[in-house]
Amino acid sequence: MSTPKSQAIAQLIQGLKQDRDELKLKVHLGKMELQQEWQLLADQLDELSHRYDPLKDAVEETAEEVWDSFKMVGGEIREGFKRIRKAL
């Protein structure tokens, strides 16, 4: 059974993956200096997703700091994607 927090994390990760996929082609065709930032953000998203998978069923039982950390990292990735989109 999914909880509001686990649903929120799943939606955050899904939205970030969609942003990543949309930007992938633009970055490939875009400015070279953005490719390094793109790779860093893509790696961070993969790590966030990898860390979330084992926690998704137990997220309500985890410490509030873990929840805050997921939100912070997700927000940083989203802001990075916005910077890349704006630069393109």
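Colleague: What makes Q44, E47, L48, R51, V66, S69, F70 and V73 lining residues of the largest pocket?

Modeller: Each has an atom within 4 Å of a pocket point (a pocket is an open set of points on a 1 Å grid where a 1.4 Å probe fits, with protein on both sides within 12 Å along at least five of seven lines). This is a predicted model, where local features need pLDDT of at least 70 and side-chain atom pairs 80 or more, while totals for chains, interfaces and linings use all residues. Numbering starts from 1 along each chain, and side-chain values use heavy atoms, without hydrogens or water.

Colleague: Which elements give two or more residues to that lining?

Modeller: Those are α2 (32–52) and α3 (64–87), both DSSP helix runs (H or I, at least four residues). The lining splits into four nonpolar, two polar and two charged residues.

Colleague: Why is α2 called roughly antiparallel to α3?

Modeller: They pack at about 155 degrees, their axes 10 Å apart. Angles over 145 count as roughly antiparallel, so α2 gets that label against α3.

Colleague: Which residues make the contact between them?

Modeller: On α2, W38, L41, L45 and L48 are among them, and on α3 the list includes F70, V73, I77 and I84; contact means heavy atoms within 4.5 Å. By class, this contact has twelve nonpolar, three polar and four charged residues.

Colleague: And what about α1, how do you know how α1 runs against α2?

Modeller: Helix α1 (residues 4–29) packs on α2 at about 155 degrees, axes 10 Å apart. That makes α1 roughly antiparallel to α2. Their contact includes I9, I13, L16 and L23 of α1, plus W38, L45 and Y52 of α2. Its classes come to eleven nonpolar, four polar and four charged residues.

Conventions
Nonpolar A, V, L, I, M, F, W, Y, C, P; charged D, E, K, R; others polar. Axes fitted to C-alpha atoms, helices over the stretch in contact; angles between N-to-C directions. Parallel < 35°, antiparallel > 145°, perpendicular 65-115°, else oblique.
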